[in-house]
Amino acid sequence: MTDDSTLPHGPLSGRTVALCVAGSIAAYKAVELARLLLKGGARVVPVMTASAARFLGPVTLAGITGESVATDMWDASFAGEMHVRIAERADLVVVAPATADVLARMAQGRADDLVTALVLCARGPVLAAPAMHPRMWEHPATQGNVARLVEHKRVQLVGPVSGEVASGDVGHGRMAEPDAILAAVATALSPRDLAGLRVVVTAGPTLEDLDPVRFLGNRSSGKMGFAIAERAAARGADVTLVAGPVGLPTPHGVRRVDVRGAVTMRQALWQAMGVDLAKVDALVMAAAVADHRPAETSASKIKKVDARVSLDLVKNPDLLAEVGAARAGARPVLVGFAVETERGEALVAYARRKLAEKHVDLVVANDASDSFGREDNRAVLVTAAEATELPTMSKSSLADVLLDRVRNLARAK
Ligand SMILES: Cc1cc2nc3c(=O)[nH]c(=O)nc-3n(C[C@H](O)[C@H](O)[C@H](O)COP(=O)(O)O)c2cc1C
C-alpha cells in the first residue's frame, strides 16, 4: 500500500475568515455562523461595528472564536494598523449581517470605521449577507448601493431571503441562514477545478418495504455521499444527488432526487445519466444499496404470527455492475464504495475483486465501523495499479481527496 503524502484539507481548514458583524438584530446569528466556520476548520477573526456591539456582547464572539474582538481601529494598544493587519491575515472577509448603512458605506468606498476600511483592504473574496426590513431592502437607495457593489465585482452577496423579519413583517430582507452563508464561504474558498464536469452521486441506504409499516434497511447515514455532492458542487461541478431515505439537508447548489428502494434508485440513476450515459462525466456510487428485497410487498400490514417465519427475498439489481457493463468507452468515470467488516489486506483484496468484476475505475474501501454514521472516515483508495491508505479524516476532506482523483481520471480520458 502507498501513503498519500499530498492530502488536501477541507475547504476551510487552515483558512482564516474575518467575520464582520454590523448592527442588526440578526447579529445574534453571527454567533452560529462563527461556530459553523470553526467547525469547518477555519480560524475566525471577529470584527464588530460600534452598533453591532450594542446588539451582541463582544465577549460572546471572543469566547466562541478564542480571538479578541476588533471594534475600534483607533485602539492605540493594537500594534500596527488594525485594518491592514486583519486584511493580511484573512483569506476571506464576510460581513454578516450587513446593514443598509454598512452596504451604503461599502458602496461609496468609505473607510471611516474598521469594517469598511477592512473591506477596502481585503486581499481575498468579500461576502456580504444583507439583513434588514423589506422596505429598507427594496428602497431605491439600498438597491442602488447593492447594484454598485455587484458591478464592482469585489463584493458577493449572499441573500437576503424572503421570510419573517424581526418586526414580524414578512418579505425580502431576512438574512440568509448561517448554513447558507457557510456554504457560500466554502465555495468562495474552493478551486473551481470541476467546472464543466457533470457528476452523479448516490447516497444513503435503500429501504426495501415488507408492508406499509416495515422494511429491510441498513445503517448507512448518507453523510459520505452528501459530502461528496456538496464538495463537488462547491468546486464547480454540475451535481445530481440520488438519495435514499435520509434526513440530511440538500447541499447548496445540488439537484436532489429522493428515492426509497433499490428499484427506484435504479430508475432515478438512469434518468440522471441518460440511457446512453451521455448526461454524466463521473458517477460516484456511495449509496449502500440493499442486495435483496422482499419478493413481495404486502399492501396491508402483515399480521403478527407466533410461529417462526421466513422471508422470501429476491436479488436486487447491482447498479454499479450495470453501469460498468453499459459503459462502452472510458466515460463516465466510475467510482464504487466497498463497506466491509474486514480491514487491511482482506479489505483491499475484496475491493480489487469488485474493481475488476464490475469494471470500475476506483473503489473506496472502508470498514463499516470506521464509516457508518460517523462525521469522519478512514478509507483505502483502490485502483488497478495501487491501494492508497488514507488517514482518518472528515468526510468533507475525504470527498476532496476522492474528487481530486475523479478530476484527474476525467482529464486523462
Ligand atoms: C433595534 C434596531 C434594529 C435594527 N435592525 C437593523 C437591521 O436589521 N438592518 C439594518 O440595516 N439596520 C438596522 N438597524 C439600524 C442600524 O443599526 C443603523 O443603521 C446603524 O447605524 C448601523 O450601523 P453599522 O452598519 O455600522 O452596524 C436597527 C437599529 C435598531 C435600533
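Visitor: Before we start, what should I know about the model and its numbering?
Guide: Because the model is predicted, local features need pLDDT of at least 70 and side-chain atom pairs count only at pLDDT 80 or more, while totals for chains, interfaces and linings use all residues. Residues are numbered from 1 along each chain as its sequence is written.

Visitor: OK, how many helices and strands are in the chain?
Guide: The chain has 15 helices and 22 strands, where helices (H or I, at least four residues) and strands (E, at least two) are DSSP runs numbered from the N terminus. Along the principal axes, the C-alpha atoms fill a box of roughly 75 × 50 × 40 Å.

Visitor: And what share of the residues counts as buried?
Guide: Of the 413 residues, 45% count as buried. A residue is buried if 20 or more other C-beta atoms lie within 10 Å of its own, exposed if 12 or fewer, and partly exposed in between, with C-beta atoms placed from the backbone.

Visitor: What domains is the chain divided into?
Guide: There is domain 1 (2-188) and domain 2 (198-412), with bounds that come from an automatic or database domain assignment. The C-alpha centres of domain 1 and domain 2 lie 37 Å apart.

Visitor: Which residues have the most contacts inside the largest nonpolar core?
Guide: Those are Leu 19 and Val 95, in a core of 127 residues, and this core draws at least three residues from each of domain 1 and domain 2. A nonpolar core here is a set of buried Ala, Val, Leu, Ile, Met, Phe, Trp, Tyr and Cys residues joined through C-beta atoms within 7 Å.

Visitor: What is Leu 19 in contact with?
Guide: Leaving aside neighbours within four places in sequence, the contacts of Leu 19 include Ala 30, Leu 33, Val 45, Val 47, Val 94 and Ala 96; two residues are in contact if their C-beta atoms, placed from the backbone, lie within 7 Å.

Visitor: Let's move to β5. Why is it described as largely enclosed?
Guide: Strand β5 (residues 126-130) is largely enclosed by the rest of the structure because 5 of its 5 residues are buried. Val 126, Ala 128 and Pro 130 point one way from β5, whereas Leu 127 and Ala 129 point the other way. In a regular strand the side chains alternate between the two faces of the sheet.

Visitor: Which strands does β5 pair with?
Guide: Strand β4 (residues 92-98) pairs with β5 in the parallel sense over 4 bridges, and Leu 127 is the bridge partner of Val 94. Strand β6 (residues 156-157) also runs parallel to β5, joined by 2 bridges, with Ala 128 standing opposite Leu 157. Two strands pair if DSSP finds at least two bridges between them.

Visitor: Switching to the ligand, which residues come nearest to it?
Guide: Ala 22, Gly 23, Ser 24, Thr 49 and Thr 99 come nearest among the 15 residues around the ligand, a residue being near if its C-beta atom, placed from the backbone, lies within 6 Å of the molecule. Helix α5 (residues 100-108) gives the largest share of the shell, 3 residues.

Visitor: How does that shell divide by residue type?
Guide: The shell around the ligand holds 9 nonpolar, 5 polar and 1 charged residues. Ala, Val, Leu, Ile, Met, Phe, Trp, Tyr, Cys and Pro count as nonpolar, Asp, Glu, Lys and Arg as charged, and the others, Gly among them, as polar.

Visitor: What about phi at Lys 153 and His 359?
Guide: Phi of Lys 153 is near 60°, a positive value in a residue other than glycine, and His 359 has a positive phi of about 55°. Most residues other than glycine have a negative phi, and most peptide bonds are trans.

Visitor: Are those two buried or exposed, or what lies in between?
Guide: Lys 153 is exposed, with 7 other C-beta atoms within 10 Å, whereas His 359 counts as partly exposed, with 15 C-beta neighbours inside 10 Å.
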